[in-house]
Amino acid sequence: MVKLREQLRWYDNKPLFGKTIVVTRARSQASALTKQLEAEGAKVIEAPSIKIVPPETYAPLDEAIKNIHTYKWLVLTSANGVKAFFARLAHAGLDARALAGVKIAAIGCGTAKALQSCGVKADLVLPLCTYKAEELAEALAPQLEKGDKVLIPRAKEAREVLPETLRRLGAEADVITAYETAAVCENAAELMEALQNKEVDMVTFTSSSTVTNFLKVLGGSKELLEGVALAAIGPVTAETCRKNGLTPAVTAGTFTIDGLTDAIKSYYIKE
């Protein structure tokens with residue numbers, strides 16, 4: 001019986017067993033992180049703080065697609081951007097063949113994988129652990145000439161570092177809103193109850209917008225996060241935490257869901 005008991009305790013020995021972790025990612029994307037955390041033994045509360053919604057108008061994006069042949073580079077900064085861009089490409093009756101002659105850059109392997117699912121291979125992908133706009137601008141610099149046009153379809157609210165850097169290099173950077181993020185919390189009641197009862201061990205943030213919108217859900221009651229570890233997918237998200245008076249206990253070194261899960265595991269294993 002003792003040997004059998006040890007065999008049956010395999011789940012208890014998982015690194016995240018007994019931990020309750022909140023996932024604030026958009027509902028449509030939360031499952032990947034949830035599955036990984038649950039596979040490591042965690043109890044997950046999905047409390048999306050953002051929702052991906054269409055922009056107020058697609059007119060600027062549709063116009064850019066109509067003139068896609070005038071661009072030297074198409075820069076995609078997220079899987080959401082890929083999805084939105086190719087949806088409008090299809091809406092115009094076009095497919096990946098319309099991008100012939102246009103070079104494509106992707107920030108992060110998740111964005112590159114989303115491109116591959118659309119039948120497109122990126123010409124430039126940032127290497128692991130450098131998924132930041134600054135590095136992409138530096139990587140593009142040797143391949144840009146003054147006056148080259150660069151199309152950047154992305155979220156409405158995003159950092160201006162990339163387009164500003166490209167413009168300083170002499171390029172014409174057209175930033176087009178392809179989608180927006182809206183503050184939402186579909187599971188607010190369970191989340192608030194768990195926080196008030198001190199049942200949450202960690203809250204995960206996968207973008208700056210998940211941080212700011214999560215705080216809106218809390219109504220400014222940051223005291224609910226006392227004793228709760230915060231995990232950020234990368235340095236930009238971690239910096240947003242700090243700007244809002246939060247100190248992340250975990251910042252993933254590889255800015256992916258896999259990287260975030262590994263960082264969380266390492267954090268608890270070291271405890």
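When I speak of an axis, I mean a line fitted to C-alpha atoms, for helices over the stretch in contact, with angles running from 0 to 180 degrees between N-to-C directions. Helices (H or I, at least four residues) and strands (E, at least two) are DSSP runs, numbered from the N terminus. Please keep in mind that this is a predicted model, in which local features need pLDDT of at least 70 and side-chain atom pairs count only at pLDDT 80 or more, while totals for chains, interfaces and linings use all residues. Residues are numbered from 1 along each chain as its sequence is written, and side-chain values use heavy atoms, with hydrogens and water left out.

Let me begin with a pair of helices. Helix H4, residues 79-91, and helix H5, residues 109-117, have axes that come within 8 Å and cross at roughly 25°. Angles under 35 degrees count as roughly parallel, over 145 as roughly antiparallel, 65 to 115 as roughly perpendicular and the rest as oblique, and H4 and H5 are therefore roughly parallel to each other. Which residues make the contact? From H4 they are Ala 79, Val 82 and Phe 86, and from H5 they are Gly 110, Thr 111, Ala 114 and Leu 115, where contact means heavy atoms within 4.5 Å.

Next comes helix H7, residues 161-168, whose buried residues are Leu 162, Pro 163, Thr 165 and Leu 166. Seen down the axis of H7, these buried residues fall within an arc of 165°, so they line one face of the helix; the arc is that of the directions from the helix axis to the C-beta atoms. Buried means under 20% relative accessible area, exposed over 50%, and partly exposed in between, with a 1.4 Å probe and protein chains only. Val 161, also found in H7, is partly exposed at a relative accessible area of 25%. Just after H7, Gly 170 takes a positive phi of about 100°.

Finally, in helix H10, residues 235-243, the buried residues are Thr 237, Ala 238, Thr 240 and Cys 241. Viewed down the axis of H10, they fall within an arc of 155°, so they too line one face of the helix. Their cover includes strand E9 (202-205), helix H9 (208-218), strand E10 (229-232) and strand E11 (250-251). Thr 240 has 13% relative accessibility and counts as buried; leaving aside residues up to four places away in sequence, Thr 240 touches Ser 208, Val 211 and Thr 212. H10 is followed by Gly 245, whose phi is positive, near 80°.
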